[in-house]
Amino acid sequence: MMVSAKLPVAPRPFRDELLSPWVARVAARYGAESLELMVYVAGQGGKDAGARQVDDVAPDMGLLMLWAKACRIDPARLRRRSLASRYPAQPRDWFLTETVPVCLACFDADVAAGRDAYLRGQWRLAEQVVCQSHRTMLLDRCPACLGRLRPSFRMLNGLLRPFCRKCDAVLTGGGGETEDVLRADFAAGVLDLQRQINGIVRGDSGRLDRLERGIRTLWAPLDRDGAARPVLALWYDEPGWNCPYEARAAVGRPAPLQHLSVRWRALTLVILHDLFGADLVPGAVLPEAALVLFRRAAPLPWLTDGQDLRKGEGKRTIVAGAERVHRLSKRPVHRLNGNFLGERGDFCRIHP
């Protein structure tokens with residue numbers, strides 16, 4: 001028989017804290033990892049107890065009951081911390097699933113207030129690129145080692161502080177260093193666009209479909225299925241300009257913003273505004289620049305209008321198309337015509 005354990009001390013979850021980081025914060029208080037503490041919480045009779053993790057979007061209630069009992073918390077209080085409960089109108093595929101960007105100013109504010117640092121739930125929204133509290137860009141790269149950021153939390157001076165899991169540097173904003181005026185202005189402008197995108201994502205499904213189509217077209221290859229340069233090359237006067245691999249990940253995916261880093265998501269919002277104005281989505285009549293963009297974009301047959309991406313119809317062809325784009329993006333590019341080596345050459349004019 002499985003008997004769940006009770007923890008003598010367990011920090012309470014903050015109002016806007018994610019569930020899985022809260023579990024990690026509880027484990028850090030005991031010098032353990034989340035899965036290690038899960039084995040103890042579930043009791044020795046749990047066959048696969050150590051393999052279960054809390055899902056931030058829609059957590060398993062049986063698992064939440066174990067943590068609620070161990071930490072002496074109302075299970076309903078934990079359930080309300082799930083992203084599905086906080087943002088019921090947010091499509092599931094518009095929650096980030098891989099990395100969670102952070103705001104260093106928020107971490108510094110936690111320390112100044114004398115509380116543990118923690119990860120905020122709103123940072124998991126795919127359209128979130130600017131901290132609404134501090135009007136600064138979120139970070140998904142460690143400022144010390146520049147690697148992909150995966151925070152870990154450890155005790156420092158009596159409080160849990162965030163560290164880079166890769167280089168072990170403490171994650172802090174520098175304690176009041178002078179902020180770059182240009183960066184601050186850029187973040188403020190993107191924040192307004194972020195709010196508009198947020199309304200589209202949680203609003204009319206027709207506008208959301210047009211938004212996703214616009215983003216996929218923006219990052220699609222040019223003219224030929226094997227063309228190297230994406231539509232973004234229209235803003236660059238350099239033949240054969242090659243799009244970074246991480247930006248191409250948005251081409252063959254539903255909810256394309258989820259598959260971009262913070263800087264590419266922010267740039268996408270700015271370009272959407274430049275192309276489509278205040279609406280941020282393609283309409284019945286396209287501006288001239290957007291019209292050229294859509295005409296030059298390579299056809300993406302795996303993303304036709306007849307497929308329902310949210311219900312999973314056509315998922316197999318979506319995955320196949322995305323894999324081909326990712327495979328091509330790793331191949332060398334001809335320095336003159338911008339095509340992948342080994343693909344059929346396209347020697348027509350590069351610029352419209």
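**A helix pair and its surroundings**

Mentor: In this predicted model, H1 passes H3 in a left-handed crossing. Helix H1 covers residues 19-28 and helix H3 residues 61-71, and the two pack with their axes 13 Å apart, at an angle of about 40 degrees. Angles under 35 degrees would count as roughly parallel and those from 65 to 115 as roughly perpendicular, so H1 and H3 are oblique to each other. On the H1 side the residues in contact are Leu19, Trp22, Val23 and Val26, and they meet Leu64, Trp67 and Cys71 in H3. Sorted by class, this contact of H1 with H3 consists of seven nonpolar residues, with no polar and no charged ones. As a general point, nonpolar side chains in soluble globular proteins tend to be buried together.

Now the chain as a whole. The chain holds 12 helices and two strands. Read from the N terminus, the order of elements is α-α-α-α-α-α-β-β-α-α-α-α-α-α. Of the 352 residues in the chain, 47% are buried. Among contacts with a separation of 6 or more, 64% are between residues 24 or more positions apart.

The nonpolar cores come next. The largest nonpolar core has 33 residues, and within this core Trp94, Ile197 and Leu211 touch the most other members. Two or more residues each are given to this core by helix H7 (181-201), helix H8 (205-218), helix H10 (262-276) and helix H11 (288-296). H10 supplies the largest share of this core, eight residues. Another core, of 22 residues, lies apart from it; Tyr87, Phe95, Cys106 and Leu171 are among its members.

Gln194 is placed in helix H7. The relative accessibility of Gln194 is 2%, and the cut-off for buried is under 20%, so Gln194 counts as buried. Beyond its neighbours within four places in sequence, Gln194 is in contact with Glu127, Gln128, Val129, Val130, Gln132 and Leu269. Arg295, in turn, is placed in helix H11. With a relative accessible area of 64%, Arg295 is exposed, because exposed means over 50%. Arg295 and Thr217 are 78 residues apart along the chain, and their C-alpha atoms are separated by 9.8 Å.

Last, there are two backbone details in one loop. Arg135 is in the loop between helix H6 (104-112) and strand S1 (151-156), and Leu146 also lies in the loop between H6 and S1. Arg135 is not a glycine, yet it has a positive phi of about 55 degrees. Leu146 is not a glycine either, and its phi is positive at about 65 degrees. As for accessibility, Arg135 counts as partly exposed at 39% relative accessibility, whereas Leu146 is exposed, with a relative accessible area of 60%.

Definitions and conventions
Residues are numbered from 1 along each chain as its sequence is written. This is a predicted model: local features need pLDDT of at least 70, side-chain atom pairs count only at pLDDT 80 or more; totals for chains, interfaces and linings use all residues. Side-chain values use heavy atoms; hydrogens and water are left out. Axes are lines fitted to C-alpha atoms, for helices over the stretch in contact, and angles run from 0 to 180 degrees between N-to-C directions. Helices (H or I, at least four residues) and strands (E, at least two) are DSSP runs, numbered from the N terminus. Angles under 35 degrees count as roughly parallel, over 145 as roughly antiparallel, 65 to 115 as roughly perpendicular and the rest as oblique. A crossing is left-handed if the near helix is turned anticlockwise from the far one by less than a right angle, and right-handed if clockwise. Contact means heavy atoms within 4.5 Å. Ala, Val, Leu, Ile, Met, Phe, Trp, Tyr, Cys and Pro count as nonpolar, Asp, Glu, Lys and Arg as charged, and the others, Gly among them, as polar. A nonpolar core is a set of buried Ala, Val, Leu, Ile, Met, Phe, Trp, Tyr and Cys residues joined through side-chain atoms within 4.5 Å. Buried means under 20% relative accessible area, exposed over 50%, partly exposed in between (1.4 Å probe, protein chains only).
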